[in-house]
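Please read the following notes on aromatic contacts beside the coordinates.

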Amino acid sequence: MDDKEFTKGGLTIEDIARQTASNRTYVSHFVNTHYGMSFREWINYLRLQYAKDIMLKSPDKSVADIALESGYLSTSYFSRIFKETEGLAPGRWIEEMCH
């Protein structure tokens, strides 16, 4: 996968399979074997790590901008996934990490 390819909104396993001249079954198996998670979980993991990096470097950036820059098409979905994973809403996480 290209550098930060995971930040493309709407990225699918088929996109990655095409880029790697493979098929979705192989890509799925590879991600499951090497990362111990589904393709969607892996992409969300990469996006969340990227989003947290943005938040730490630019704590004044809006949650909507961070979500979009990280590859999420919906701020509410980003916020929900972030809270499920980190235990805090993005804005609260920023407050606790940066202040």
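1. Is tyrosine 35 buried, partly exposed or exposed? At a relative accessibility of 41%, tyrosine 35 is partly exposed, where buried means under 20% relative accessible area, exposed over 50% and partly exposed in between (1.4 Å probe, protein chains only).

2. The model is predicted, with local features needing pLDDT of at least 70 and side-chain atom pairs counting only at pLDDT 80 or more, whereas totals for chains, interfaces and linings use all residues. Residues are numbered from 1 along each chain as its sequence is written, and side-chain values use heavy atoms, with hydrogens and water left out.

3. Rings of Phe, Tyr and Trp (its six-membered ring) pair if their centres lie within 6.5 Å, and planes under 30 degrees apart count as stacked, over 60 as edge-to-face and the rest as tilted. By this rule there are nine aromatic pairs. One of them joins phenylalanine 6 and tyrosine 50 edge-to-face, at 5.7 Å centre to centre with 85 degrees between the planes. Because phenylalanine 6 lies in the segment before helix H1 (13-19) and tyrosine 50 in helix H3 (residues 39-57), the pair ties together parts 44 residues apart in sequence; helices are DSSP runs (H or I, at least four residues), numbered from the N terminus. Phenylalanine 6 is buried at 13% relative accessible area, and tyrosine 50 is buried at 17%.

4. The ring centres of tyrosine 35 and tryptophan 42 lie 5.1 Å apart with planes at 25 degrees, so this pair is stacked. Tryptophan 42 is buried, at 11% relative accessibility. Ring pairs also link Tyr26, Phe30, Tyr35, Phe39 and Trp42 into a cluster.

Notes:
Helices (H or I, at least four residues) and strands (E, at least two) are DSSP runs, numbered from the N terminus.
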